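Take a look at the chain below.

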Amino acid sequence: MSKIIPQMIAEKIIIALDVPTIEAAFRLVDQIPQASFWKVGLELFLKAGHEVLPELKKQQKRIFLDLKLHDIPNTIAAACRILADYGVDLLTIHTTVGRSGLKAAQTALKESSQRLGIAPAKLLGVTLLTSFSPRELAFDLKIPLELPDYILQMALLAQKSSLDGVICSPQEAALIRQACGEDFLLVCPGIRLPSQKGKDDQQRTMTPQAAFQAGANYLVIGRPITQAPDPAQAFQELLTA
Ligand SMILES: O=c1ccn([C@@H]2O[C@H](COP(=O)(O)O)[C@@H](O)[C@H]2O)c(=O)[nH]1
């Protein structure tokens, strides 16, 4: 029988609701009552964002809205003003929009939340998608930096632009933690057990325990839980492995 994971650890796990319907989403939410933090990405947001986000709030779940915004500053700010209405806890933007876009997003979120009288979403910059390998960064994107150096530059840009933290692979968490300090939020997807490594599109992975040890504040886990025959058991097992 699996050990029951302490609620303190369960609260640091964000489960990715990468499913195509509202029914599939709330089936998972119902199956794992111990999980309090859920991620809504592009697929579910485009299908049913208007229904899913208010219902998650009604059920007092914390919400990570992972839309990975990427556009010019004026367009990004306009999107953030609209998204502020949902009252989510975390929101993502690509760090490569640059300093003006990052600042425009943060200002729009803060001003809109103040107007609504709610806490603003914490804004997180995507440094480099965890599906990228060092080879793709060098040969496809032609970035003339080693992967950890590139990611560190992205994290420092996010911090200088007043973002609350970044999305990074746990493989880069220790480096960013050291450079950006304890208050900078590190949210890490790319979580896999050794037996799950190399079986899908995630390139830069770590186990849950190693990711926390490296300095991650929150882990984002999708398929290893949501596609398991018993998602509640998979949730337990991942955290106690
Ligand atoms: O760099 C990134 C940024 C976001 N993600 C998202 O996290 C989850 C991971 O799901 P798995 O099924 O555990 O791979 C997914 O929703 C991604 O969109 C990421 O993986 N990497």
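With 241 residues, a compact globule would have a radius of gyration near 18 Å, and the protein chain agrees, with 17 Å. That radius is taken over C-alpha atoms, and the globule rule is 2.2 Å times the number of residues to the power 0.38. The C-alpha trace spans about 50 × 40 × 30 Å along its principal axes.

This is a predicted model: local features need pLDDT of at least 70, side-chain atom pairs count only at pLDDT 80 or more, and totals for chains, interfaces and linings use all residues. Residues are numbered from 1 along each chain as its sequence is written.

The protein chain holds 11 helices and 8 strands. These are DSSP runs numbered from the N terminus: helices are H or I with at least four residues, strands E with at least two. Of the 241 residues, 43% count as buried, with 20 or more other C-beta atoms, placed from the backbone, within 10 Å of their own.

Now find β8. Tyr218 and Val220 point one way from this strand, Leu219 and Ile221 the other way, and all are buried. Strand β1 (residues 13–16) pairs with β8 in the parallel sense over 3 bridges; pairing takes at least two DSSP bridges. Ile15 has Ile221 of β8 as its bridge partner. Strand β7 (residues 185–188) also runs parallel to β8, joined by 2 bridges. There, Val187 partners Tyr218.

Definitions and conventions
Buried ≥ 20, exposed ≤ 12 C-beta atoms within 10 Å, placed from the backbone.
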